[in-house]
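Subject: Structure handover

Hello,

Here is the structure I said I would pass on. Please look through it first, then read the notes below it.

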Amino acid sequence: MCLYHWLISFWNWSWILFPPIYAYSSYCSLRAKVSIVDRLKELIKFKGFQVPPAELEALLVTHPSVADAAVIGIPDDEAGELPKAFVVLKDGENVSADDIKQFVAAKVATYKQVRLLEFVDAIPKSASGKILRRMLRDQ
């Protein structure tokens, strides 16, 4: 058995041996180089609590001035990660970031509140409509 096939076999069972590694998407090249690409689960860890970005995105879109939204976790020394929202406003709407934050704060628990908010022209999405969170993190 060559090194490549051994690594593939090991990788198929690595979720039992190393659960944190399994939580990341990865790929293995033909030269048996394993690369960790990104997290599979998009949960934001805020002070030990798990904040699902999809829940905040669904709530943000219910605001009358918001056309589209995406939420990611921004690293923070004290809290672990802070929820940061990227919001696209509807045409002709003018609303402040504080208004949107208060709208969310009135409907969710304290640890789920949006801490940072940025207005953007468009949310980057894949051809299938999934939010490209990596592009938002790189901005």
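Two residues are in contact here when heavy atoms of theirs lie within 4.5 Å. His63 makes such contacts with Val95, Ile100 and Phe103, leaving aside residues up to four places away in sequence. His63 sits in the loop between α3 and β5. With a relative accessibility of 8%, His63 counts as buried; buried means under 20% relative accessible area, exposed means over 50%, and partly exposed is in between, using a 1.4 Å probe and protein chains only.

Some background on the model. It is predicted, so local features need pLDDT of at least 70 and side-chain atom pairs count only at pLDDT 80 or more, while totals for chains, interfaces and linings use all residues. Residues are numbered from 1 along each chain as its sequence is written, and side-chain values use heavy atoms, with hydrogens and water left out.

The protein has 5 helices and 7 strands. Helices (H or I, at least four residues) and strands (E, at least two) are DSSP runs, numbered from the N terminus. Their order from that end is α-α-β-β-β-β-α-β-β-α-β-α. Of the 139 residues, 32% are buried.

Now to helix α3. Its buried residues are Pro53, Leu56, Glu57, Leu59 and Leu60. Viewed down the axis of α3, these fall within an arc of 165°, so they line one face of the helix; the arc is that of the directions from the helix axis to the C-beta atoms. The buried residues of α3 pack against several elements, among them β5 (66-76), β6 (80-89) and α4.

How do α3 and α4 pack, in angle and in distance between axes? Helix α3 (residues 53-61) and helix α4 (residues 97-105) meet at about 115°, and their axes are 10 Å apart. Axes are lines fitted to C-alpha atoms, for helices over the stretch in contact, and angles run from 0 to 180 degrees between N-to-C directions. On the α3 side, Leu56, Leu59 and Leu60 meet Ile100, Phe103 and Val104 of α4. By class, this contact has 6 nonpolar, no polar and no charged residues. Nonpolar covers Ala, Val, Leu, Ile, Met, Phe, Trp, Tyr, Cys and Pro; Asp, Glu, Lys and Arg are charged, and the others, Gly among them, are polar.

Lys47 has a positive phi of about 50° although it is not a glycine. Lys47 is partly exposed, at 48% relative accessible area.

Regards
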